[in-house]
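Here is a short tour of a model, written for someone who likes to check coordinates while reading. Keep the viewer open and follow along.

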Amino acid sequence: MQGNEASPADPATTTFLSGNPAWIGIGAFTGVLVGILKGYVFKFDDYKGFIDDLLTLESDPRESVKVAITCLVSLMGGASLGPESGLGSACGGMSKLWAVVVNKACRFVENKGRSSDNAETTSPAADENTEEEDVVESRRTKLIILAGMVAAFSTILPTPASTILLCLELPGFESLTKEHGLPYVKTVSQLTIAGTVSFLVFDHFYDNTYLATQRLLPGFLHQYATSDVFIGIFFGVLGAALALAYFVTAGITKGVTGKAKIYLDEKVGKERRIVLLATIGGTLFGLLGYIFPLTLGDGSYQIGTVIVGGGNISAAVLVSSAFVKMLTFWISNETGFVGGVFYPLLIIGSFIGRVFVNEIGWSWGSCMAPSLVALTSAFVPVPFGMMVLSMSVFNLSSRGGISTLLCVVTAHLLFAGIGIPQRMINKKTK
């Protein structure tokens with residue numbers, strides 16, 4: 001995000017119309033690049049995100065390269081998307097290739113031992129696997145892909161523990177053990193090794209992970225109060241309400257862009273439509289970024305200012321930025337840019353939490369910690385991953401995490417638990 005180097009370190013540069021007008025041109029130019037990459041170079045429109053790879057534990061190395069490069073260009077141009085889609089796809093693809101090498105090496109060793117032990121007996125050919133060996137190789141491949149994703153995300157989250165929980169809870173413990181055949185404790189052990197090594201290497205060179213608020217919050221220990229219980233529940237309710245607004249925004253944006261895609265496909269063809277729509281989308285998020293500077297990019301650059309130094313940011317800026325961020329995310333997503341949803345969701349929640357700290361005077365830790373994950377928790381089924389993420393970002397004690405846990409559970413029960421997303425989908429299909 002270039003063009004206004006003071007933003008957002010100085011809260012004064014986060015006010016309305018305090019962005020750099022150059023962001024509009026940068027967004028449009030990025031749209032052209034992304035459109036050319038997708039329409040003419042890599043020739044893809046829709047793509048599988050890292051969540052699909054995580055649920056199936058499958059990855060296509062060729063497709064992952066396309067997604068990773070396009071995601072990198074999207075993020076460099078300020079698209080309101082997170083890095084996890086490109087990062088997860090890249091590491092998933094590399095892990096799949098590494099799994100092929102490991103399986104061939106294991107097969108060679110096993111066949112060599114088998115041929116020497118049974119030189120005079122009838123046995124399967126050295127280059128053929130038995131059914132049992134195919135099952136073992138399949139499980140090994142899935143474990144390597146999962147470990148690769150944990151290693152990738154350990155560079156962008158504050159601790160490997162939150163990464164491991166994210167990658168275990170999202171597909172579900174039962175799915176990993178029964179459907180994919182991965183033994184739980186052994187899997188956790190290997191994921192811990194992968195995540196910790198990745199975290200240590202990245203932290204050694206960068207001095208922190210991608211979500212760098214820990215650098216700004218050394219050793220903070222929130223003092224638990226009885227009011228934390230009620231504040232946590234309150235932010236859970238607020239998270240469910242934000243999720244409703246988030247999906248309404250999604251529906252409107254998808255409706256407009258869907259009609260535009262059909263019209264442009266007929267008029268100019270698919271390839272030109274991809275370029276044109278991405279250019280329009282880039283121009284729009286660049287323009288909105290100029291008007292609302294806190295909305296440009298994935299949010300990692302602004303979140304430190306909002307959480308730590310946001311006391312001087314007005315409520316009007318914070319609230320408007322939260323809803324505009326929803327819009328810029330869906331504009332970026334639906335006009336062809338590539339990226340993830342996780343980081344934008346975190347900063348949207350942080351905007352709202354900061355409002356209550358500034359305007360009502362509620363405890364900083366009691367508000368900011370649960371608000372960070374309030375929106376995400378409403379529809380992403382990762383309760384303990386969200387709790388650990390929030391606690392590690394804010395360096396909370398175990399009792400300090402009570403409000404976050406209540407927020408996570410309340411948000412999910414109120415939104416996903418009573419079927420709001422399903423009802424919205426059913427209403428749309430009628």
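## An enclosed helix

The buried residues of helix α6 pack against α2, α5 (131–153), α7 (173–179), α8 (184–206) and α15 (383–393). Please keep in mind that this is a predicted model. Which residues of α6 are buried? They are Pro160, Ser162, Thr163, Ile164, Leu166, Cys167, Leu168 and Glu169. Helix α6 spans residues 160–169, and eight of its 10 residues are buried, so the rest of the structure largely encloses it.

One of the partners of α6 is α2, the helix of residues 50–56 that holds Asp53. Is Asp53 buried or exposed? With a relative accessible area of 5%, Asp53 is buried, because the cut-off for that label is under 20%. Leaving aside residues up to four places away in sequence, Asp53 touches Lys48, Glu58, Ser59, Ser89 and Met149.

## Two helix pairs to compare

Start with helix α1 (residues 22–41) and helix α3 (residues 61–76), whose axes cross at roughly 170° and come within 9 Å. Why do α1 and α3 count as roughly antiparallel? Their crossing angle is roughly 170°, and angles over 145 degrees fall in that class, so the pair is described as roughly antiparallel. On the α1 side, the contact is made by Thr30, Leu33, Val34, Leu37 and Lys38, while α3 brings Ile69, Thr70, Val73 and Ser74. Sorted by class, the residues in this contact of α1 with α3 are five nonpolar, three polar and one charged. As background for reading such lists, an α-helix has 3.6 residues a turn, so residues three or four places apart point the same way.

Now turn to helix α11 (residues 300–309) and helix α13 (residues 342–359), which pack at an angle of about 20° with their axes 10 Å apart. Angles under 35 degrees count as roughly parallel, and α11 and α13 are therefore roughly parallel to each other. The crossing of these two helices, α11 and α13, is left-handed. In this contact, α11 supplies Ser300, Gln302, Ile303, Val306, Ile307 and Val308, which meet Tyr343, Leu346, Ile347, Ser350, Phe351 and Arg354 of α13. The contact of α11 with α13 holds eight nonpolar, three polar and one charged residues.

## The segment before α1

Thr13 sits in the segment before α1 and is buried, with a relative accessible area of 14%. How far apart are the C-alpha atoms of Thr13 and Ile313? They are separated by 9.6 Å, although the two residues are 300 residues apart along the chain.

Leu17 also has its place in the segment before α1. Leu17 is exposed, with a relative accessible area of 53%. Its backbone deserves a look too: Leu17 has a positive phi of about 60° although it is not a glycine.

## Another positive phi, and the cysteines

Asn395 has a positive phi of about 55°, and it is not a glycine either. Asn395 is found in the loop between α15 and α16 (402–417) and is partly exposed, with a relative accessible area of 23%.

How many disulfides does the model contain? The count comes to zero, taking a disulfide as a pair of cysteine sulfur atoms within 2.5 Å. Among the cysteines, Cys91 counts as buried at 16% relative accessibility, whereas Cys106 counts as partly exposed at 25%.

Key:
Residues are numbered from 1 along each chain as its sequence is written. This is a predicted model: local features need pLDDT of at least 70, side-chain atom pairs count only at pLDDT 80 or more; totals for chains, interfaces and linings use all residues. Side-chain values use heavy atoms; hydrogens and water are left out. Axes are lines fitted to C-alpha atoms, for helices over the stretch in contact, and angles run from 0 to 180 degrees between N-to-C directions. Helices (H or I, at least four residues) and strands (E, at least two) are DSSP runs, numbered from the N terminus. Angles under 35 degrees count as roughly parallel, over 145 as roughly antiparallel, 65 to 115 as roughly perpendicular and the rest as oblique. A crossing is left-handed if the near helix is turned anticlockwise from the far one by less than a right angle, and right-handed if clockwise. Contact means heavy atoms within 4.5 Å. Ala, Val, Leu, Ile, Met, Phe, Trp, Tyr, Cys and Pro count as nonpolar, Asp, Glu, Lys and Arg as charged, and the others, Gly among them, as polar. Buried means under 20% relative accessible area, exposed over 50%, partly exposed in between (1.4 Å probe, protein chains only).
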